[in-house]
Amino acid sequence: MVDSDSRVRSGGPVATAGPPVVPQELSRISLIAITLAVLAEVLRAAFPAFGHYTESGGAVTATLVILVACLAGFLAPGVRAVAGPRGLAAVAIGGLLLVRLAMQAFSPALWPAFAGAVFGMLAVTALYEAARGLSGTGFAVAATAGLTGDTALRLAFGTWDPPARSGVAAWIVTLLVVAGGAAALARWLRTPPVEAPVIGWRDALGAAALGPFLALQILVLSSPAFASSSGGLPLAVAGTVVLVGQALALAFLSSGLAVAAVPGGVCVFGGTLLGVGAGAVTGRYGLTGAAAIAVVVIGQVLSAWLLAVASRVPLRRGGYRGRPAERGGPPPNVKVSDTGGRAWRIDLGAALGGLGVLVVILPYQLHYTHPLPLPNKVLPGLAGIALGLLSAIAAARGGPLPVRSAVRALGAGAGALVLVVVPVIYAVTAPSVTRAAALPGTFRLVSYNVHDAVGDGGRLDPEAVARAIEAQHADVVALQEVGRGRPMSGTADVASWLARRLKMRLVWGPAADHQDGNAVLTRLRVKATGTGRLPVGAGPQAPGYVWARVDVGGGSTADVWSVQLQQGADRTQSRLTEIVKLLQVWSGAPRTVIAGDMGAGPGTPELSRLMSQTGLRSPIDSPPPTTTGGARADWILGSDDLGFDSSAVDSSRKASDHYPVAATVRVVG
């Protein structure tokens, strides 16, 4: 509560009103914001490289190596002992900025991804040193502001992050961001040091809250691709939703209401609500539409509030014992014991949180190919619950609270909403889609398993995929393994990016979940669409299909299906079960092309079942290898009222672990 003397009650002793929500120490605020934005960008850029390493080096070995790199945060006390507290920040944050430059220069090398994990984990610990003396709300404001700017920047690039891109624009953004971070770090190093508090292990755990906060932001809350694919919204609209949620979070934090004294149980309830919501909208059968959008918007406010509460104790100034009330200590009639231990305990708490970021996200991604004992939606759910529990530790504890201010709330919220201009520009600059076939009754079809647009060396490169499709002059494209917010694709919306780049309409069909599935892209007019999942069988994930009925001119339409069946030489029976279901859904409709990754080659029971007694036939009876490993798994199959010309497998394109398969389709019946 705030009385007439602007004093606040923090759930314990009454103390003088603390600093404003956004203190005049802009070097600290800007340093935290830029560092967290760079950290999120570096981690997203590392995920495709880590995913490729896991596939090529073995899941267990690769995961262990990656997790060892993520233990780097626990080196922070040693770095502090050698270089001092300001040296820790200079090494960790400066190193992270250099890694950001290296990613731009050397991608897709694996070493920048590992370096990013090492310095990123150290940077998490250093942030609590750089923010020393801020209120928990000031820290949460800076963190949310940094992620808001990061969201706007991602939307400007169509969610394909600059570290994975080449070109002048990506380099300009990189240099500006790194220069801004270096300037903020230099300014902070010139500010007077702030004494660390005397703090116990329990209170130090509040610093671990940044971990689950970041994990939820990267996977769900600050991901325009997630909001688009799960919310069923165009990417520009989904980006606006995310920015609005972040603006509301900033307004709430800046109002001073965010850290009103609350019982720890309220924090636990808030974290549980956040975790249940995050778990409900992720995974194979996650809630979609309005429910997903509500979780994104409300989750922004909840997570920012919980971070603000959790960070209060680790960020307070100096020890309380022996300090007069006017210098941040308790009133004379209140005793506060010295619990022992100083900043190195906060370092370890923050290191635990940093490790938590990847402990949540890496298994979540690994579940796509090596299923966990439980659904992967449990992981974001646990992250929300953990954030609530860590906040409960600091609830009604710590230093003075900021005063309330409606003016600051309006200013912070309005400042963030200005960034909505980015998705607006993105929407109005969208290219138009061609609506008619060049030759009535004929269209060029490409089937392509794009492997999340991750090619050789683990580089995310949707542009290479787009060029491979353009080389075939495609009118309709059947895509498989296309990500829309998956960690494997750096949480980019690959499907939306390709549709915009190729000037085509996107028809989306979720499979493993709403962030992974199949798509049909087309420049022809779409008459009808459909999507569904196939039986899981013995495979790791639910396969699926999507179809679009396109107007091919001359009064004719054709149905184009994009399908991916289970992968693996030992899963023949699972694929046969899926094929039975697929053929039942198709039900012999005329003028149909079923294209995709069937996971089986010529002469196999799967191809025999697909083609016998169905009227489906392939334009190439014995195609050349369709994968970089030499397998013949990708097929274009058409009903007998369609003809095929100029069929080809373009093995010169290596934007994926599959090659594009193309054919000119003619309506003959």
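Which residues in helix 18 are buried? In this predicted model, local features require pLDDT of at least 70 and side-chain atom pairs count only at pLDDT 80 or more, whereas totals for chains, interfaces and linings use all residues. Residues are numbered from 1 along each chain as its sequence is written, and side-chain values use heavy atoms, with hydrogens and water left out.

The buried residues of helix 18 are V494, A495, S496, W497, L498, A499 and L502, where buried denotes under 20% relative accessible area (1.4 Å probe, protein chains only). Helices (H or I, at least four residues) and strands (E, at least two) are DSSP runs, numbered from the N terminus. Because seven of the nine residues of helix 18 (residues 494-502) are buried, this helix is largely enclosed by the rest of the structure. The elements covering these buried residues include helix 9 (224-231), helix 10 (235-254), helix 17 (462-470), strand 4 (476-483), strand 5 (505-513) and strand 6 (516-522), contact being defined as heavy atoms within 4.5 Å.

An open sheet with mixed pairing is formed by five strands in the order 7-8-9-10-11; two strands pair if DSSP finds at least two bridges between them. Strand 7 (526-533) and strand 11 (634-638) are the edge strands, each pairing on one side only. Within the sheet, strand 9 (residues 556-564) and strand 10 (residues 592-597) pair in the parallel sense over six bridges, and W561 stands opposite I594 in strand 10. Helix 19 (residues 572-586) lies across strand 8 (544-553), strand 9 and strand 10, and runs at about 160° to strand 9. Axes are lines fitted to C-alpha atoms, for helices over the stretch in contact, and angles run from 0 to 180 degrees between N-to-C directions.

Notes. Buried < 20%, exposed > 50% of the residue type's maximum accessible area, 1.4 Å probe, protein only.
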